[in-house]
Amino acid sequence: THTHSHNTMGAWTALVLVSAWALLLCPDTTACGPGRGYGNRRRHNRKLTPLAYKQFIPNVAEKTLGASGKSESKINRNASRFKDLIPNYNPDIIFKDEEKSGADRLMTQRCKDKLNALAISVMNQWPGVRLG
């Protein structure tokens with residue numbers, strides 16, 4: 001058993017040495033971490049600017065298939081799914097509310113989650129700019 005523990009120690013020592021050499025030879029590795037893009041920040045050489053009024057990306061109308069994908073169905077006030085819509089009162093998002101009814105704030109939970117995440121991204125990228 002004494003030689004068995006000696007062989008095990010030799011194996012551990014070899015593993016540590018190989019790992020150390022690997023770290024020395026490949027210092028530009030990135031670690032895994034929580035969230036998207038952790039440890040892998042892209043460097044942008046160009047200055048990012050907010051979109052201009054009526055400007056959108058991709059440069060196609062918002063109701064086209066290329067911009068938003070295939071819609072499941074329309075939800076009007078008489079639809080059974082209308083009762084599932086929830087209002088979004090996020091103060092960091094500017095809603096038009098031209099009808100003064102609050103209807104522009106109604107959306108699915110998934111839409112609300114995605115819109116709130118987009119509002120946070122906008123504020124982080126361009127301090128003082130609100131999503132609208």
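## A look at helix α3

The buried residues of α3 are N116, A119 and V122, where buried means under 20% relative accessible area, exposed means over 50%, and partly exposed lies in between (1.4 Å probe, protein chains only). Looking down the axis of α3, these buried residues fall within an arc of 120°, so they line one face of the helix; the arc is that of the directions from the helix axis to the C-beta atoms. Turned away from that buried side is a face with the exposed residues R110, K114 and N124.

This is a predicted model, in which local features need pLDDT of at least 70 and side-chain atom pairs count only at pLDDT 80 or more, while totals for chains, interfaces and linings use all residues. Residues are numbered from 1 along each chain as its sequence is written, and side-chain values use heavy atoms, leaving out hydrogens and water.

With 19% relative accessibility, N116 counts as buried. The table sets its contacts beside those of M107, leaving aside neighbours within four places in sequence. Contact means heavy atoms within 4.5 Å.

| Residue | In contact with (heavy atoms within 4.5 Å) |
|---|---|
| N116 | N88, N90 and I93 |
| M107 | L85, I86, N88, F95, K112 and L115 |

Which residues make up the largest nonpolar core? They are I93, F95, M107, A119, V122 and L131, 6 residues in all. A nonpolar core is a set of buried Ala, Val, Leu, Ile, Met, Phe, Trp, Tyr and Cys residues joined through side-chain atoms within 4.5 Å.

How values were computed
Helices (H or I, at least four residues) and strands (E, at least two) are DSSP runs, numbered from the N terminus.
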